Amino acid sequence: MSSFRLAMSPIMSLPPSSPSVAAPSPPSSIDLPVRPVPGSYGWPLVGPFTDRLDFYWFQKPEAFFRKRMDKHKSTVFRTNVPPSFPFFTNVNPNVVALLDCKSFAHLFDVDLIDKKNVLVGDFMPSIAFTGNMRVGVYQDTTEPQHPKVKKFIFDILKRSSGVWATELTSNLDVMWKNIETTLSESSSASYIFPLQRCLFAFLCKVLAGADPSRDPEIAKSGYAMIDRWLAVQLLPTVPLGILQPLEEIFMHSFRYPFFLVSGDYNKLYEFIKKEGKEVIERGETEFGLSQDEAINNLLFVLGFNSFGGFSLFLPSLIEAVASDETGLQEKLRAEAREKGGSTLRLDSVKDMHLIQSVVYETLRLNPPVALQYGRARKDFRLCSHESAFEIKKGELLCGYQKLAMRDPVVFEDPESFRPDRFTEGGVQLLDYLYWSNGPQSGSPSEYNKQCAGKDVVTLTASLVLAHMFRRYDSIKGNASSISALQKAK
Ligand code: HEM
């Protein structure tokens with residue numbers, strides 16, 4: 001990145017009420033022209049409905065935001081995001097969209113932004129899905145339970161760091177063996193379910209200290225139970241790509257009730273309660289949570305944040321390397337084998353700079369959680385690179401990661417996958433990598449809303465690549481299947 005670009009970028013500083021956050025504080029608006037936020041919400045009911053059809057059907061999310069950005073000649077504008085009319089009458093779809101790094105960074109300022117109940121926008125799945133309570137991700141930093149839950153999760157991560165890499169690599173070995181067996185009998189092997197089985201077994205062990213093999217039903221179907229639980233609560237907010245108008249009529253028009261997955265959730269709950277006893281007890285004694293709070297929060301972090309997040313992220317990472325034909329695999333293979341010692345540990349990847357950069361670049365171009373929301377706590381002035389805008393208390397801001405992470409002011413050649421973008425001088429760009437609801441150079445804490453797993457996610461993904469290139473010389477495939485594997489000689 002040129003020095004001009006760096007000079008254009010927001011200054012990193014610490015907001016006063018969040019001592020350990022390194023999020024870019026909202027930049028000064030002194031020299032920027034103030035303009036009204038462009039765009040409108042359209043006619044009541046009609047505007048939200050036509051935007052909904054554009055979002056899911058006629059344009060799809062990326063083109064939806066890009067077309068409006070071009071039309072308004074602004075990376076900040078008003079629009080509607082679904083779910084909306086006709087059956088979501090209690091959901092307000094009006095948002096101010098933020099599509100560049102500078103405006104997006106306001107979402108991380110806890111003085112300006114209230115994160116209460118806005119995980120997936122103004123729509124919130126029923127709390128029946130989370131044991132009839134609002135788990136930590138739905139809580140704002142001003143709520144007393146938020147720091148307790150977040151510190152509980154940090155404690156789990158700290159205590160599991162010693163077994164993290166061994167549990168991961170042993171479960172990856174099982175997964176790759178299964179894929180090899182399928183490949184020996186057919187020309188391609190779908191890896192989504194083997195990957196999810198691997199993730200589920202690994203995450204139960206490292207986060208809950210619970211071994212799925214102690215419960216045959218959970219061992220066989222635990223991952224599918226989580227898939228169903230996630231799908232039913234999130235359907236109104238997820239573009240599926242099913243034949244239209246069936247998707248609009250049946251998937252995006254109403255909430256699906258919890259009872260459809262209550263059997264699955266209850267079985268997972270009982271499994272965690274029994275097999276994750278030690279972790280649950282620490283939640284109660286060290287962090288002041290009730291047993292029910294500890295279990296529901298642990299289950300959410302395990303199933304929604306971790307399992308859900310990795311299930312979206314790892315296929316795009318595997319695709320990025322398995323479909324590459326530029327010689328990247330040779331470089332990754334050399335790094336994976338030359339660095340990090342004979343046995344992979346969590347810190348083995350710290351010297352694998354190219355592998356880490358590939359992980360960051362995949363997160364930049366394919367952020368697993370594309371939309372981030374926050375409500376203005378008060379009136380304030382929000383800046384893009386070119387203009388300043390008056391935001392009113394209560395307005396919902398909606399950052400769309402996919403375009404913000406292609407901000408041409410910050411990222412050179414922003415649409416291209418550049419494997420080494422974040423190596424050497426490029427590490428400064430980590431200030432602008434926002435997949436975790438905060439910059440990759442920031443620190444999640446109980447005072448902010450950045451993903452508690454920010455570091456462990458990128459370390460785990462780097463380990464997945466390092467393990468893959470120690471096991472194989474080359475690999476061919478895409479985001480759902482593997483078509484060729486050449487074992488390490
Ligand atoms: C690829 C995997 C993951 C992705 C993509 C991901 C992404 C995110 C994002 C975008 C948020 C912010 C949501 C919002 O408020 O707008 C978040 C929050 C959170 N994540 Fe992650 N996450 C992942 C894995 C993990 C892991 C492994 C853990 C811990 C074991 C974790 C724990 C949390 C917690 C506790 C929060 C809520 C933070 C708070 O309330 O202050 N996540 N995650």
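1. Which residues in helix 11 meet which residues in helix 13? Ser316, Leu317, Ala320 and Val321 in helix 11 meet Val358, Val359 and Thr362 in helix 13. Contact here is C-beta atoms, placed from the backbone, within 7 Å. By class, this contact has 5 nonpolar, 2 polar and no charged residues. Nonpolar covers Ala, Val, Leu, Ile, Met, Phe, Trp, Tyr, Cys and Pro; charged covers Asp, Glu, Lys and Arg; the others, Gly among them, are polar.

2. The model is predicted: local features need pLDDT of at least 70, side-chain atom pairs count only at pLDDT 80 or more, and totals for chains, interfaces and linings use all residues. Residues are numbered from 1 along each chain as its sequence is written.

3. The axes of helix 11 and helix 13 (residues 353-365) come within 10 Å and cross at roughly 115°. Axes are lines fitted to C-alpha atoms over the stretch in contact, with angles from 0 to 180 degrees between N-to-C directions. Helices are DSSP runs (H or I, at least four residues), numbered from the N terminus.

4. Around the ligand stand 26 residues, counted where the C-beta atom, placed from the backbone, lies within 6 Å. Asn305, Gly309, Asn437, Cys451 and Gly453 are the closest. Helix 5 (145-185), helix 11 (291-322) and helix 15 (454-471) each give two or more residues to this shell. Helix 11 gives the most, 6 residues. The shell holds 15 nonpolar, 8 polar and 3 charged residues.

Methods. Contact = placed C-beta atoms within 7 Å.
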